[in-house]
Amino acid sequence: MKDELKIRVVKGPDGVEFEVEPLKDYYCEAAPTVMPAAYIKIVEDLFNWARSESIWILGFGTGCGAIEMRPLMTPRFDAYRFGVQWRPTPRQANLFVISGYLSTKTLKRAIRSYEQMQNPKYVIGLGSCTINGGMYWDSYNTIKRLDDYLPVDLYIAGCMPRPEALLAGFQDMKKLIRAGKAEGANLYAENFEWYKANQKRVIHDWDMPDYNW
Amino acid sequence: MRELHTKLISLFPIGELTEQRPNLAFVTVPQEHLRSVLLHLRDCEGFTHLILLTAVDWLEEGQFQLTYLLSNRTAGRDIGLRVMLARDGATMQSIHDVWPTAATYQRELREMFGIDFPGSPRLHEEFILEGWNDIPPYRRDFDTLKYAEENYSQRPGRETRDPAAHMKQQLT
Amino acid sequence: MTQNAPFFTPDRSQYPSKKADGTLDIDLASGKYLKLWQGPNHPGITGNMSVELTVCGDEVVEGKTHVGYLHRGFEKLMERRTFIQCFPIVCRICVPEPDFNEYCYAAAVEELAGIQSPERADWIRALILEMGRINSYLMYLGGQSGALGLGVIGQWTTYARDLMLDRFEELTGARIYHMFIMPGGVRDGLPEGFDKRMEETLREIESTMKDVYEVMFCNAVFKKRTVGVGYIDPALVDSYGITGPNARAAGVAKDVRKDQPYLIYSQLDFEPVVGHDSDIYTRADVRRRDVLVSVDLVRQMLAKMPRTGALMATVPNVLHWKIPRGETYIRGECSRGEYGYYLVTDGSGYPRRVNVRGPSYTHAMTLLERMIVNINIADVASLMVSLHTYPPEIER
């Protein structure tokens, strides 16, 4: 365990000493809950319409796919015209694009980033390597199936997918959201134990709380 | 490169010169003389740039080969120094005080090959891997496919052929 | 702090005291220091890596680079693949400039197998490498200005890069991973009318660079935040393994294209771009001028290139391809510095060992950790971008 995660005694500015246990004190350890639909269908439809028109992507380039994000942000492909934009922090984002292979070291950060995102939230797996390992099917350091560890709503195949493929993927994502079929976050909450068991099987030094938001 | 080799061989007990290109040659150096050869090349012969430091695992011969590649920019030539180490309990003296960048290479070699460099800074911190619980992965006896199959679930339906077996089938 | 440091950088190195073994005495419980992670999920970081900063106030007292987030174990995977199976995966090692992997790998295999690639293939290889260099620099300029909040440069350079990607697509059939430079030669020649469209693209890039110069390099804020910041002592260039524009900005004319000309660079007329002040501004300026040199080189190559002749040398049947025992090192000057492949073969159909020497390996680890001390937190992103780091080539 890293030094900064160990229990330590801290002296405050007023001279009072108190004990800090980073893993307990810095995070709220409460399991995620299923978010129910609105009480009436037309309200839920309105919500879904609004959600589908404001897809905010977490700007976390986890793999090579991040290189096609920059052309998407610029006038040539201009994803902004579809209401898609990139946000720097997980708190402001609702779509996590896993851009390519995830090494186990990044998987740990990806899980934390995903759990810090607010509901409703969606995940897109980008590239063949998120689907079945792709080029790295025999690598000792990359995961082979993303949906074992995070609830994936949509996959975009290719190595690497062109910006047009991403735009088409965003359009499909919108359709899924509008139809109320993008239920990844609820799936994660329902099968929380299963996902956690899978995650802990590949991340050997688990030094974070089970759920942190 | 020949005249450099004759100069070196009069000073140190080094091996034969393998000339790969007119401006690139490899030479085997005994482990205990490596540091003095490096310092001589750096200070007297103008090989001031350490290009890379890496290891090759000769599993069948029970040896690690460490390669120190040096470059002399003004003369436009490179020399590679090979050091053979016994594979079990491989230990080598650190050269981080000669080239500060060597510390990073040595960290990688310790993690990926399990070669120890006593005294090198931050040697035992994790560099690339995190929570690794197997033998160092760049060793030849580490089977990456087996590890991947044991640890990560594959999606059913994918046809993957082992390149080695497939090639054997093709070659017969 | 070296004595050559610019006079307006105050010496702030006395903050933490040193322990007997030379490490800094940083007591987190004292409340004087704060540990901050910049990355991997952070807008001010170059790709998927992170820097662990210990700060005192807003000044960095210690920085540690953490890499490995993109490690796929290429060097291990290639030991399990035949020589031709390695060819499609090597370009995945470095995303923004993949062609150097293809070239270095192909040249190393050719040298050990005793194959001579045809002259026309060499010209096309050099053309692709220069096009990739322009792409990589354009991306850098966007990142460097973006790190200081000047977003518009990124919009312009990405547009210019897209035009160059179109030329790539025309030539190789792919935008990012071209898989074009095969062991033995290249896959295809130039398409019909390529020169004309290339000339249009080059003109567009030149006019973009003019705009970039006026808006970015003449900008008072940009100058104020980059001139004199992030100084690299020229004396460190060799001991820290600094290559490429970082070394050239320090006044050391290190350029593999001139020092050990490969491919057809000895037949081209160019001078390495050299700067003098060795700060962030000079490094950006060296790269901006290097784009113009590359544009000129592409023009020269298109004018001098032979249009007929073989594109592939005779390569043995790839299924039976065995290469005798040997080792070699092939290098090239990529946009960040010296890129090299160290290939060892043992007489079988598989490489014994491949080692990739990425220039970021030395820049982002030892050099950055040294330079980051005494820098303001706000300048960390700009300093890191100015070293032009691509994390995938550090950990492969």
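Author: A residue counts as buried if 20 or more other C-beta atoms, placed from the backbone, lie within 10 Å of its own, as exposed if 12 or fewer do, and as partly exposed in between. The structure is a predicted model, in which local features need pLDDT of at least 70 and side-chain atom pairs count only at pLDDT 80 or more, whereas totals for chains, interfaces and linings use all residues. Residues are numbered from 1 along each chain as its sequence is written, while chains are lettered from A and ligands numbered from 1 in the order in which they are written.

Reader: What makes B:E16 count as exposed?

Author: B:E16 has 9 C-beta neighbours inside 10 Å, and because the exposed class takes 12 or fewer, B:E16 belongs to it. B:E16 sits in the loop between α1 (2–11) and β1 (17–21) of chain B, where helices (H or I, at least four residues) and strands (E, at least two) are DSSP runs numbered from the N terminus. The C-alpha atom of B:E16 is separated by 8.4 Å from that of B:H5, which is 11 residues away along the chain.

Reader: Why is C:L263 called buried?

Author: C:L263 has 22 C-beta neighbours inside 10 Å, and because buried requires 20 or more, C:L263 is placed in that class. This residue is in the loop between α10 (256–259) and α11 (280–304) of chain C, and although C:L263 is not a glycine, its phi is positive, at about 45 degrees.

Reader: Which residues of α4(C) and α5(C) meet?

Author: Among those in α4(C) are C:M131, C:L138 and C:G142, and among those in α5(C) are C:I153, C:T157 and C:M164, where contact means that the C-beta atoms, placed from the backbone, lie within 7 Å. By class, this contact of α4(C) with α5(C) has 9 nonpolar, 8 polar and 2 charged residues (Ala, Val, Leu, Ile, Met, Phe, Trp, Tyr, Cys and Pro are nonpolar, Asp, Glu, Lys and Arg charged, and the others, Gly among them, polar).

Reader: What makes chain A as compact as a globular protein of its length?

Author: Chain A has 8 helices and 7 strands. Its radius of gyration is 19 Å, close to the 17 Å that the globule rule gives for 213 residues, so chain A is as compact as a globular protein of that length; the radius is taken over C-alpha atoms, and the rule is 2.2 Å times the number of residues to the power 0.38. The C-alpha atoms of chain A fill a box of roughly 55 × 50 × 35 Å along the principal axes, and 40% of its residues count as buried.

Reader: How do you know that the radius of gyration of chain C agrees with a compact globule?

Author: For 396 residues a compact globule would have a radius near 21 Å, and chain C has 22 Å, which agrees. Chain C comprises 14 helices and 8 strands, spans about 70 × 50 × 35 Å along its principal axes, and has 56% of its residues buried.

Reader: What makes up the side of chain B that touches chain C?

Author: The contact takes 34 residues from chain B and 36 residues from chain C. On the chain B side, β3(B) gives the most, with 6 residues, and the classes are 19 nonpolar, 12 polar and 3 charged.

Note on methods
Contact = placed C-beta atoms within 7 Å.
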